[in-house]
Amino acid sequence: MSRWPEYVQIKEVGPRDGLQNEKKRVSTGDKVNWINMLSASGVKEIEYSSFVHPKWVPQLSDAHEVGRKIKRKSDVTYSALVPNMKGLELAFEAGIDGASVFMSASETHNKKNINKTISETYPVLSEVIQEAKQAGKHVTGYVSTVFDCPYEGIVTPEEVLKVCDKLLEYGVDDLSLGDTIGTAVPSQVGDLLEVILKHIPQNKIIMHYHDTKGMAIANIMESMEHGITRFDSSIGGLGGCPYAPGAAGNVATNDVLYLLHGLGIKTGIDEKKLQEAAFYIQNKLGKTLPSKSLAYAAAQD
Ligand code: HMG
Ligand code: MG
(Lines give C-alpha, C1' and ligand atoms only; values in the text may rest on other atoms or scores of the structure.)
(Ligands and ions follow the chains in the order given, each with its own letter.)
Protein backbone atom coordinates (compact mmCIF):
# COMPACT_ATOMS: atom_id res chain seq x y z
CA MET A 1 0.00 0.00 0.00
CA SER A 2 1.25 3.48 -0.88
CA ARG A 3 2.07 5.83 1.98
CA TRP A 4 0.44 8.62 -0.03
CA PRO A 5 -3.28 9.26 -0.54
CA GLU A 6 -4.86 8.29 -3.85
CA TYR A 7 -6.53 11.69 -4.30
CA VAL A 8 -5.84 15.18 -2.96
CA GLN A 9 -8.35 18.02 -3.13
CA ILE A 10 -7.00 21.44 -3.98
CA LYS A 11 -8.83 24.70 -3.40
CA GLU A 12 -7.55 27.42 -5.70
CA VAL A 13 -7.35 30.63 -3.65
CA GLY A 14 -5.43 32.75 -6.19
CA PRO A 15 -8.33 35.07 -7.10
CA ARG A 16 -8.78 35.90 -3.39
CA ASP A 17 -5.62 35.30 -1.33
CA GLY A 18 -3.45 35.74 -4.41
CA LEU A 19 -4.81 39.05 -5.60
CA GLN A 20 -5.61 40.68 -2.24
CA ASN A 21 -2.02 41.76 -1.72
CA GLU A 22 -1.33 42.98 -5.26
CA LYS A 23 -1.06 46.74 -5.65
CA LYS A 24 -1.52 46.74 -9.43
CA ARG A 25 -5.23 46.60 -10.12
CA VAL A 26 -6.46 43.81 -12.35
CA SER A 27 -9.60 44.77 -14.27
CA THR A 28 -12.86 42.98 -13.51
CA GLY A 29 -12.98 41.61 -17.07
CA ASP A 30 -9.48 40.14 -16.74
CA LYS A 31 -10.36 38.57 -13.37
CA VAL A 32 -13.47 37.01 -14.88
CA ASN A 33 -11.53 35.59 -17.87
CA TRP A 34 -8.88 34.25 -15.52
CA ILE A 35 -11.37 32.59 -13.16
CA ASN A 36 -13.08 31.02 -16.19
CA MET A 37 -9.69 29.59 -17.21
CA LEU A 38 -9.28 28.18 -13.69
CA SER A 39 -12.75 26.62 -13.90
CA ALA A 40 -11.71 24.91 -17.14
CA SER A 41 -8.53 23.47 -15.58
CA GLY A 42 -10.32 20.83 -13.50
CA VAL A 43 -9.99 22.61 -10.14
CA LYS A 44 -13.01 21.66 -8.05
CA GLU A 45 -13.11 24.66 -5.72
CA ILE A 46 -12.26 28.28 -6.40
CA GLU A 47 -12.29 31.10 -3.85
CA TYR A 48 -13.26 33.77 -6.35
CA SER A 49 -13.06 36.92 -4.20
CA SER A 50 -13.61 38.51 -0.82
CA PHE A 51 -16.55 40.49 0.57
CA VAL A 52 -14.50 42.42 3.10
CA HIS A 53 -14.54 46.20 3.40
CA PRO A 54 -13.35 47.66 0.07
CA LYS A 55 -11.15 50.17 1.90
CA TRP A 56 -9.28 47.35 3.61
CA VAL A 57 -8.65 45.38 0.40
CA PRO A 58 -9.19 47.68 -2.60
CA GLN A 59 -8.05 45.09 -5.17
CA LEU A 60 -11.14 42.99 -4.41
CA SER A 61 -13.70 45.81 -4.26
CA ASP A 62 -15.33 44.37 -7.42
CA ALA A 63 -16.16 41.03 -5.71
CA HIS A 64 -19.86 41.51 -6.42
CA GLU A 65 -19.38 42.11 -10.14
CA VAL A 66 -16.87 39.25 -10.44
CA GLY A 67 -19.34 36.88 -8.76
CA ARG A 68 -22.09 37.95 -11.14
CA LYS A 69 -19.99 37.65 -14.29
CA ILE A 70 -18.00 34.42 -13.93
CA LYS A 71 -19.16 31.41 -15.95
CA ARG A 72 -19.97 28.73 -13.41
CA LYS A 73 -19.43 25.02 -13.93
CA SER A 74 -21.78 22.70 -12.09
CA ASP A 75 -18.97 20.54 -10.74
CA VAL A 76 -17.00 23.48 -9.30
CA THR A 77 -17.67 25.03 -5.89
CA TYR A 78 -17.37 28.82 -5.95
CA SER A 79 -16.67 30.27 -2.54
CA ALA A 80 -15.72 33.68 -1.17
CA LEU A 81 -14.26 35.18 1.98
CA VAL A 82 -16.89 36.71 4.27
CA PRO A 83 -16.05 38.65 7.48
CA ASN A 84 -19.52 39.59 8.78
CA MET A 85 -23.25 39.78 7.96
CA LYS A 86 -22.79 42.71 5.59
CA GLY A 87 -20.26 40.65 3.63
CA LEU A 88 -22.55 37.64 3.64
CA GLU A 89 -25.49 39.61 2.24
CA LEU A 90 -23.33 40.91 -0.61
CA ALA A 91 -21.95 37.43 -1.22
CA PHE A 92 -25.47 35.97 -1.40
CA GLU A 93 -26.40 38.56 -4.03
CA ALA A 94 -23.27 37.86 -6.06
CA GLY A 95 -23.72 34.08 -5.76
CA ILE A 96 -21.70 31.71 -3.61
CA ASP A 97 -21.75 27.96 -3.06
CA GLY A 98 -19.54 28.34 -0.02
CA ALA A 99 -18.72 31.03 2.53
CA SER A 100 -15.30 31.19 4.18
CA VAL A 101 -15.27 32.91 7.55
CA PHE A 102 -11.94 33.78 9.11
CA MET A 103 -10.22 34.72 12.34
CA SER A 104 -6.84 34.23 13.96
CA ALA A 105 -5.59 32.04 16.78
CA SER A 106 -3.52 34.99 18.03
CA GLU A 107 -5.08 38.11 19.50
CA THR A 108 -2.94 40.80 17.84
CA HIS A 109 -3.21 39.44 14.30
CA ASN A 110 -6.96 39.07 14.74
CA LYS A 111 -7.25 42.69 15.85
CA LYS A 112 -5.09 44.02 13.01
CA ASN A 113 -6.86 41.89 10.41
CA ILE A 114 -10.51 42.30 11.37
CA ASN A 115 -10.51 45.08 13.95
CA LYS A 116 -11.86 42.91 16.78
CA THR A 117 -10.55 40.87 19.68
CA ILE A 118 -10.99 37.10 19.48
CA SER A 119 -13.91 37.15 21.91
CA GLU A 120 -15.60 40.00 20.00
CA THR A 121 -15.23 38.00 16.78
CA TYR A 122 -17.06 34.88 17.97
CA PRO A 123 -20.62 36.27 18.00
CA VAL A 124 -20.09 37.89 14.58
CA LEU A 125 -18.94 34.64 13.01
CA SER A 126 -21.52 32.58 14.85
CA GLU A 127 -24.30 34.59 13.16
CA VAL A 128 -22.64 34.43 9.73
CA ILE A 129 -22.15 30.67 9.99
CA GLN A 130 -25.73 30.11 11.10
CA GLU A 131 -27.19 32.23 8.28
CA ALA A 132 -24.97 30.66 5.63
CA LYS A 133 -25.86 27.16 6.81
CA GLN A 134 -29.56 28.00 6.83
CA ALA A 135 -29.20 29.10 3.22
CA GLY A 136 -27.68 25.71 2.40
CA LYS A 137 -24.12 26.94 1.87
CA HIS A 138 -20.94 25.10 2.67
CA VAL A 139 -19.00 26.97 5.38
CA THR A 140 -15.26 26.80 5.90
CA GLY A 141 -13.65 28.38 8.94
CA TYR A 142 -10.17 29.75 8.35
CA VAL A 143 -7.96 29.90 11.42
CA SER A 144 -4.92 32.11 10.80
CA THR A 145 -1.55 32.24 12.56
CA VAL A 146 -1.75 28.58 13.60
CA PHE A 147 2.04 28.29 13.99
CA ASP A 148 3.50 31.77 14.29
CA CYS A 149 2.01 35.22 14.69
CA PRO A 150 3.88 38.17 13.15
CA TYR A 151 3.23 40.19 16.32
CA GLU A 152 3.24 37.63 19.16
CA GLY A 153 5.57 34.84 18.00
CA ILE A 154 4.84 31.14 18.61
CA VAL A 155 1.18 30.10 18.83
CA THR A 156 0.51 26.83 20.68
CA PRO A 157 -1.59 23.95 19.29
CA GLU A 158 -3.90 24.33 22.31
CA GLU A 159 -4.66 27.96 21.37
CA VAL A 160 -5.47 26.82 17.82
CA LEU A 161 -7.67 23.98 19.05
CA LYS A 162 -9.69 26.39 21.18
CA VAL A 163 -10.62 28.47 18.12
CA CYS A 164 -11.27 25.36 16.00
CA ASP A 165 -13.64 23.96 18.63
CA LYS A 166 -15.62 27.20 18.76
CA LEU A 167 -16.00 27.40 14.99
CA LEU A 168 -17.10 23.75 14.84
CA GLU A 169 -19.59 24.39 17.63
CA TYR A 170 -21.07 27.25 15.53
CA GLY A 171 -21.47 24.86 12.61
CA VAL A 172 -18.59 25.21 10.11
CA ASP A 173 -18.28 22.19 7.81
CA ASP A 174 -14.51 22.24 7.83
CA LEU A 175 -11.48 24.21 8.98
CA SER A 176 -8.59 25.63 7.00
CA LEU A 177 -5.51 26.07 9.19
CA GLY A 178 -3.31 28.90 7.97
CA ASP A 179 0.42 29.30 8.19
CA THR A 180 -0.30 32.96 7.51
CA ILE A 181 3.31 34.14 7.51
CA GLY A 182 4.79 31.00 5.96
CA THR A 183 7.41 30.33 8.59
CA ALA A 184 6.51 26.86 9.92
CA VAL A 185 8.79 23.84 9.55
CA PRO A 186 7.50 20.24 9.36
CA SER A 187 8.07 19.52 13.07
CA GLN A 188 5.62 22.34 13.92
CA VAL A 189 3.12 20.85 11.46
CA GLY A 190 3.49 17.44 13.11
CA ASP A 191 3.09 18.91 16.61
CA LEU A 192 -0.06 20.82 15.64
CA LEU A 193 -1.70 17.96 13.75
CA GLU A 194 -1.03 15.51 16.57
CA VAL A 195 -3.07 17.67 18.92
CA ILE A 196 -5.79 18.69 16.42
CA LEU A 197 -6.42 15.22 14.99
CA LYS A 198 -7.05 13.78 18.45
CA HIS A 199 -10.19 15.93 18.52
CA ILE A 200 -11.20 16.65 14.91
CA PRO A 201 -11.54 14.15 12.03
CA GLN A 202 -8.85 14.57 9.39
CA ASN A 203 -11.38 15.00 6.54
CA LYS A 204 -12.49 18.26 8.17
CA ILE A 205 -8.98 19.73 8.12
CA ILE A 206 -7.53 21.69 5.21
CA MET A 207 -3.97 23.02 5.40
CA HIS A 208 -3.25 26.49 4.04
CA TYR A 209 0.46 27.19 3.60
CA HIS A 210 2.16 30.40 2.65
CA ASP A 211 5.67 29.92 1.32
CA THR A 212 7.69 32.80 2.77
CA LYS A 213 10.62 30.61 3.83
CA GLY A 214 10.24 27.96 1.12
CA MET A 215 8.97 25.29 3.55
CA ALA A 216 5.43 24.85 2.17
CA ILE A 217 6.10 21.76 0.03
CA ALA A 218 7.86 20.05 2.95
CA ASN A 219 4.91 21.01 5.15
CA ILE A 220 2.45 19.51 2.68
CA MET A 221 4.44 16.26 2.71
CA GLU A 222 4.35 16.24 6.52
CA SER A 223 0.60 16.95 6.48
CA MET A 224 -0.01 14.01 4.13
CA GLU A 225 2.03 11.79 6.48
CA HIS A 226 -0.65 12.70 9.06
CA GLY A 227 -3.47 11.76 6.69
CA ILE A 228 -4.40 15.26 5.47
CA THR A 229 -5.67 15.24 1.87
CA ARG A 230 -6.99 18.79 1.41
CA PHE A 231 -4.87 21.86 0.67
CA ASP A 232 -5.35 25.48 -0.35
CA SER A 233 -2.92 26.87 -2.88
CA SER A 234 -2.59 29.80 -5.21
CA ILE A 235 -1.78 29.72 -8.88
CA GLY A 236 1.80 30.81 -9.57
CA GLY A 237 2.38 31.37 -5.83
CA LEU A 238 0.58 34.68 -5.97
CA GLY A 239 -0.50 36.27 -2.71
CA GLY A 240 -0.07 37.17 0.92
CA CYS A 241 -2.00 38.76 3.73
CA PRO A 242 -1.97 42.58 3.73
CA TYR A 243 -2.08 42.45 7.55
CA ALA A 244 0.95 40.14 7.92
CA PRO A 245 3.95 42.25 6.80
CA GLY A 246 6.57 40.42 4.74
CA ALA A 247 4.47 37.27 4.31
CA ALA A 248 4.81 35.76 0.85
CA GLY A 249 2.15 34.18 -1.31
CA ASN A 250 0.51 30.83 -0.85
CA VAL A 251 2.31 27.73 -1.99
CA ALA A 252 2.01 27.69 -5.80
CA THR A 253 -0.70 25.39 -7.15
CA ASN A 254 1.62 24.63 -10.10
CA ASP A 255 4.35 23.36 -7.76
CA VAL A 256 1.88 21.40 -5.63
CA LEU A 257 0.57 19.66 -8.77
CA TYR A 258 4.10 18.82 -9.86
CA LEU A 259 4.70 17.21 -6.47
CA LEU A 260 1.37 15.38 -6.21
CA HIS A 261 1.25 14.08 -9.77
CA GLY A 262 4.89 13.03 -9.48
CA LEU A 263 4.00 11.00 -6.39
CA GLY A 264 1.18 9.36 -8.36
CA ILE A 265 -1.57 11.23 -6.49
CA LYS A 266 -4.63 12.30 -8.49
CA THR A 267 -6.03 15.84 -8.32
CA GLY A 268 -8.28 16.02 -11.39
CA ILE A 269 -6.43 19.18 -12.48
CA ASP A 270 -4.79 19.60 -15.88
CA GLU A 271 -1.29 21.00 -15.22
CA LYS A 272 -1.00 22.51 -18.69
CA LYS A 273 -4.29 24.38 -18.45
CA LEU A 274 -3.37 25.67 -15.03
CA GLN A 275 -0.05 26.83 -16.39
CA GLU A 276 -1.82 28.82 -19.11
CA ALA A 277 -3.98 30.48 -16.45
CA ALA A 278 -0.82 31.31 -14.46
CA PHE A 279 0.84 32.92 -17.48
CA TYR A 280 -2.34 34.88 -18.13
CA ILE A 281 -2.36 36.55 -14.69
CA GLN A 282 1.42 36.94 -14.73
CA ASN A 283 1.09 39.01 -17.91
CA LYS A 284 -1.75 41.07 -16.47
CA LEU A 285 0.28 41.85 -13.34
CA GLY A 286 3.44 42.46 -15.35
CA LYS A 287 5.68 40.56 -12.96
CA THR A 288 7.19 37.10 -12.64
CA LEU A 289 5.32 34.90 -10.20
CA PRO A 290 7.35 32.86 -7.68
CA SER A 291 6.34 29.33 -8.80
CA LYS A 292 9.44 27.31 -9.67
CA SER A 293 7.65 24.96 -12.07
CA LEU A 294 6.17 27.95 -13.86
CA ALA A 295 9.64 29.48 -14.27
CA TYR A 296 10.88 26.17 -15.69
CA ALA A 297 7.94 26.00 -18.12
CA ALA A 298 8.64 29.59 -19.24
CA ALA A 299 12.27 28.70 -19.95
CA GLN A 300 11.20 25.80 -22.22
CA ASP A 301 9.17 28.08 -24.56
P1 HMG B 1 -14.77 47.60 10.83
O2 HMG B 1 -14.32 48.95 10.37
O3 HMG B 1 -14.47 47.22 12.24
O4 HMG B 1 -16.32 47.40 10.52
O5 HMG B 1 -14.12 46.54 9.85
P6 HMG B 1 -17.60 47.90 11.22
O7 HMG B 1 -18.46 46.71 11.43
O8 HMG B 1 -17.27 48.77 12.41
O9 HMG B 1 -18.27 48.83 10.10
C10 HMG B 1 -17.66 50.05 9.67
C11 HMG B 1 -18.21 50.42 8.29
O12 HMG B 1 -17.79 49.44 7.34
C13 HMG B 1 -19.74 50.47 8.20
O14 HMG B 1 -20.06 51.45 7.23
C15 HMG B 1 -20.09 49.12 7.62
O16 HMG B 1 -21.31 49.11 6.91
C17 HMG B 1 -18.92 48.88 6.67
P18 HMG B 1 -20.65 52.88 7.68
O19 HMG B 1 -21.90 52.58 8.45
O20 HMG B 1 -19.58 53.48 8.54
O21 HMG B 1 -20.85 53.59 6.37
N22 HMG B 1 -18.69 47.44 6.47
C23 HMG B 1 -18.58 46.84 5.27
N24 HMG B 1 -18.64 47.31 4.02
C25 HMG B 1 -18.50 46.41 3.01
N26 HMG B 1 -18.29 45.07 3.21
C27 HMG B 1 -18.23 44.58 4.45
C28 HMG B 1 -18.37 45.48 5.54
N29 HMG B 1 -18.34 45.30 6.87
C30 HMG B 1 -18.54 46.51 7.43
N31 HMG B 1 -18.04 43.28 4.64
C32 HMG B 1 -14.02 44.40 8.78
C33 HMG B 1 -14.33 45.16 10.05
C34 HMG B 1 -13.98 42.93 9.11
C35 HMG B 1 -15.11 44.70 7.76
C36 HMG B 1 -12.66 44.90 8.24
O37 HMG B 1 -11.72 44.78 9.27
C38 HMG B 1 -12.17 44.12 7.04
O39 HMG B 1 -12.75 44.22 5.97
N40 HMG B 1 -11.09 43.32 7.23
C41 HMG B 1 -10.62 42.43 6.18
C42 HMG B 1 -9.16 42.24 6.23
C43 HMG B 1 -8.76 41.26 5.17
O44 HMG B 1 -9.41 41.10 4.17
N45 HMG B 1 -7.64 40.57 5.43
C46 HMG B 1 -7.13 39.58 4.52
C47 HMG B 1 -7.94 38.32 4.47
S48 HMG B 1 -7.59 37.16 5.77
C49 HMG B 1 -6.25 36.25 5.18
O50 HMG B 1 -5.68 36.58 4.16
C51 HMG B 1 -5.84 35.02 5.93
C52 HMG B 1 -6.26 33.72 5.22
O53 HMG B 1 -5.76 33.65 3.90
C54 HMG B 1 -5.73 32.48 6.00
C55 HMG B 1 -4.25 32.57 6.32
O56 HMG B 1 -3.42 32.73 5.40
O57 HMG B 1 -3.94 32.46 7.50
C58 HMG B 1 -7.80 33.62 5.16
MG1 MG C 1 -3.77 33.06 3.33
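A residue is near a molecule when one of its heavy atoms lies within 4 Å of that molecule. Keep that in mind. This is a predicted model, where local features need pLDDT of at least 70, side-chain atom pairs count only at pLDDT 80 or more, and totals for chains, interfaces and linings use all residues. Side-chain values use heavy atoms, with hydrogens and water left out, and residues are numbered from 1 along each chain as its sequence is written.

Now, ligand 1. It is surrounded by 26 residues. Gln20, Asn84, Asn113, Ser144 and Thr180 are the closest. By class, the shell has 12 nonpolar residues (Ala, Val, Leu, Ile, Met, Phe, Trp, Tyr, Cys and Pro). Another 11 are polar, and three are charged (Asp, Glu, Lys and Arg count as charged; the others, Gly among them, as polar).

Which atoms of Asn84 and ligand 1 lie 2.8 Å apart? A side-chain N or O atom of Asn84 and a nitrogen atom of the ligand. Next, the backbone. A polar backbone atom of Phe51 is 2.9 Å from a nitrogen atom of ligand 1. For His53, a backbone N or O atom lies 2.9 Å from an oxygen atom of ligand 1.

How much of ligand 1 does the protein bury? Taken alone, the ligand exposes 1100 Å², and the protein buries 74% of that (Shrake-Rupley method, 1.4 Å probe).

Last point: which elements give two or more residues to the shell around ligand 1? Helix 1 (14-18), helix 4 (85-94), helix 5 (107-114) and strand 5 (138-144). Helices (H or I, at least four residues) and strands (E, at least two) are DSSP runs, numbered from the N terminus.

Terms used. Chains lettered and ligands numbered in written order. Polar contact = N/O pair within 3.5 Å; in protein donor to acceptor, adjacent residues only side chain to side chain.
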